[in-house]
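Dear colleague,

My notes on it follow directly after.

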Amino acid sequence: MNTHAYINILIVEPSSIIYEGLNRILSGGGLRLRVYRAENFDAIEQCILSKKVNVAIVNPLYVQNNEKGFHSLRSGYPATSWVALVYAFFDQRLLSLFDGSISISDSPESVIQLVKQNASTENKENATEEVLSERETDVLKLLATGLTNKEIAEKLSISINTVITHRKNITQKTGIKSVSGLTIYAVVKKLVSLDYLSE
């Protein structure tokens, strides 16, 4: 990682006290940081897409009942490191889904060191996402504008089944299932502009 680059950190934690304490420790560690907060699981994806998060520090409580969603996020955003924020008992199998873990009993120095290690993983930085085909990109653009499968099929002169197949491929390649998430993805990747969507 470029030593002059900011590390974008997302903290996914319901407790304001825990969030503020961790934010204070991280901010005092001499790192160039931008710290963001998500208060629920659904907000994680939008934040990662818009902020290019390097390290997501997540209360495992959010993952406990949504492991499938967590796997989808991990595979969709391989450049992001996932660190568990632990202050209650969770079994080791759940914690093994993360790249590392922070306990509230850890020293500030060890917390900062763990964040630095996870933010500078070159392999993650160099991870490449699968590229959408030209037709998949066409489908994504129209999907982002709010068109249905039928309308997309008519617009591109292809069958609805073909549109559905393209949508499955898009979901597999991006790891994003929701239309709102795909819309944000399309905007971030500059496939569509916000002005275009508001027309």
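Where is the place of Ser 157? Ser 157 lies in the loop between helix H9 (149–156) and helix H10 (160–174); helices (H or I, at least four residues) and strands (E, at least two) are DSSP runs, numbered from the N terminus. Its phi is near 55°, a positive value in a residue other than glycine. With a relative accessibility of 67%, Ser 157 counts as exposed.

The model is predicted: local features need pLDDT of at least 70 and side-chain atom pairs count only at pLDDT 80 or more, while totals for chains, interfaces and linings use all residues. Residues are numbered from 1 along each chain as its sequence is written, and side-chain values use heavy atoms, with hydrogens and water left out.

Strand S1 (residues 7–12) is largely enclosed by the rest of the structure, because six of its six residues are buried. Buried means under 20% relative accessible area, exposed over 50%, and partly exposed in between (1.4 Å probe, protein chains only). Ile 7, Ile 9 and Ile 11 point one way from S1, whereas Asn 8, Leu 10 and Val 12 point the other way.

S1 runs parallel to strand S2 (residues 33–38), to which six bridges join it; two strands pair if DSSP finds at least two bridges between them. Asn 8 has Arg 34 as its bridge partner in S2. From S1 the chain crosses through helix H1 (residues 16–27) to S2 in a right-handed β-α-β crossover, that is, with the strands pointing away from the viewer, the path from the first strand over the helix to the second runs clockwise. S1 also pairs with strand S3 (residues 55–58) in the parallel sense, over four bridges. There, Leu 10 has Ala 56 as its bridge partner.

With kind regards
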